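Thanks for coming. I will go through one model, a few parts at a time, and please keep the structure open while I talk.

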Amino acid sequence: MSGSTKVYEVLIVGGGQAAAQTAFALRQQGFAGSVLLISDEPVLPYQRPPLSKQFLRGEVSLESLQLWPATAYEQASIETRLSTRVVRVLPDLRQVELDDGSRLGYGKLVLATGGRARRLALPGSELTGIDVLRTQQDVLAIREAMQVGQHLVIVGGGYVGLEVAAVASESGQVVTVLEQAERVLARVTAPQLSEFYEKLHRRHGVNVMTNAAVVGFQADATGKKVAAVLLDDGRVIAADQVIVGVGLIPNTELAEQAGLALENGIRIDNGCRTSDPHIYAAGDCANHPCGFFGRRMRLESVPNANEHARCIAANLCGQQQQLEALPWFWSDQYGLKLQMAGLSEGHDQFILRGAPAEGQFSAFYLKDGKVIAVDCVGRPAEFMQARRLIQQRVAVQVAQLADEGTKLKELV
């Protein structure tokens, strides 16, 4: 390694939750070595979940979304380089190359590169007025284009698409959600939950269209701006603005170039180490083993990013920690909170506790008589007890689980 190349004991590549949390977790656990965080965004790491909710509504500022203010980085002796892109990792030299051609050395490297919003490669995709929502800059552009009474078409009926639909409909736009599958949230929840959310959005004036496969976009008279969305059955949906929410592509290019093992993301072990012992990975880009469910997975969630970060920090401080947390997620739509824990894939029983028509209920997914996942709508206290049922692998009586007269804590 060249004597003129500055070396950091820990170098973190990324500007999201996992990157910032790793840096501060290192300091919280007593790491005294040099730490550098490199982000290609022009701002310090910030919270992403509010982007499709409070920030899109204009209720919170850019500054309030920051995970830590600039003074906190200074006080913790965490260096940052913003608007800087790492273009290459040189694992043999334990160096990274930046977009200005300079290099930096590392003792340990953490790839917290996150992901980017998936775009549609369809005729007309290049037209203006077709946006994705992933960064603060994306939301600022979307907000600027939003107008009362205009036709907004959202492609994708997942969490982000539905959250944006809720904000847009409440702000006076004419909103249509196009979902290719037969129901919204089809990949992550039961038909009963899909039905509940489709009805919820329709009550708020959103036109939810399922089995709606987009095949292209139509331009306006100028030939430059989107005017309509084209479906495979010939329908033409008028659109002044289109937001595409069809998933995330993990940013694995640096890892691939460095020769690291990949598997739907950057493959890591249960200590967040990649196939190179000097390189770790965390957050949306990392595919980790989940002992609880006995398989590998890549999760896009704040709790997952935080757990990866804490695990990396502990291991870099010599504590030999392993990943063990139960996956959980949340979504907010029309002021109603949906909280999810576990993974429902492979369940053989589905139990409703409460009535969806009343606007608050819990849905339990069981396998071999044990709860493996739960979706709680408007029931935060019950959610905490439900997580314990999953974590403790408790065998439950279906009748008791469905009976609201039986407190969940009695089943734990």
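Ile154 has Ile243 as its bridge partner in β15. Strand β15, residues 241-244, pairs with β9 in the parallel sense over 4 bridges. By pairing I mean that DSSP finds at least two bridges between two strands. Strands here are DSSP runs of E with at least two residues, helices are runs of H or I with at least four residues, and both are numbered from the N terminus.

Before I go on, this is a predicted model, in which local features need pLDDT of at least 70, side-chain atom pairs count only at pLDDT 80 or more, and totals for chains, interfaces and linings use all residues. Residues are numbered from 1 along each chain as its sequence is written, and side-chain values use heavy atoms, with hydrogens and water left out.

Back to Ile154. In β10, its bridge partner is Val177. Strand β9, residues 151-155, runs parallel to β10 over 5 bridges. Is β10 enclosed or open? Of the 5 residues of β10 (residues 174-178), 4 are buried, so the strand is largely enclosed by the rest of the structure. Buried means under 20% relative accessible area, exposed means over 50%, and partly exposed is in between, with a 1.4 Å probe and protein chains only.

These strands belong to an open sheet of 5 strands in the order β8-β15-β9-β10-β11, with parallel pairing. At its edges are β8 (130-132) and β11 (207-209), each pairing on one side only. Neighbouring strands in this sheet are turned by 20° against each other on average, direction ignored. For such angles, axes are lines fitted to C-alpha atoms, for helices over the stretch in contact, and the angles run from 0 to 180 degrees between N-to-C directions.

There is also an open sheet of 3 strands, ordered β12-β13-β14, with antiparallel pairing. β12 (214-219) and β14 (236-238) are the edge strands with a single partner each, so one side of each has no neighbour in the sheet. Here the twist averages 30° from one strand to the next. β13, residues 226-231, and β14 pair in the antiparallel sense over 3 bridges. Val229 has Ile237 as its bridge partner in β14.

Next, the aromatic rings. How many aromatic pairs are there? The rule takes rings of Phe, Tyr and Trp (its six-membered ring) with centres within 6.5 Å, and calls planes under 30 degrees apart stacked, over 60 edge-to-face and the rest tilted. The count by this rule is 7 aromatic pairs. In one of them, Phe24 and Tyr73, the ring centres are 4.9 Å apart and the planes stand at 75°, so this pair is edge-to-face. Phe24 is in helix α1 (residues 17-28) and Tyr73 in helix α4 (residues 70-75), so the pair ties together parts 49 residues apart in sequence. Phe24 and Tyr73 are buried. Phe196 and Tyr197 have ring centres 5.1 Å apart and planes at 85°, so that pair is edge-to-face. Phe196 and Tyr197 are both buried. Ring pairs also link Phe24 and Tyr73 with Trp68 into a cluster.

Phe55 has a charge over its ring: the charged end of Arg143 sits 4.8 Å from the ring centre. The criterion is NZ of Lys or CZ of Arg within 6 Å of the ring centre and within 35 degrees of the ring normal.

Most residues other than glycine have a negative phi. Ser77, not a glycine, has a positive phi of about 55°. Ser77 is in the loop between α4 and β3 (78-81). Ser83 also is a residue other than glycine with a positive phi, near 50°. Ser83 lies in the loop between β3 and β4 (86-90), and with a relative accessible area of 46% Ser83 is partly exposed.

Is Ser301 buried or exposed? At 12% relative accessibility, Ser301 counts as buried. Which residue is 284 residues from Ser301 in sequence? That is Gln17, with a C-alpha to C-alpha distance of 9.3 Å from Ser301.

That is the end of my part; I will take questions.
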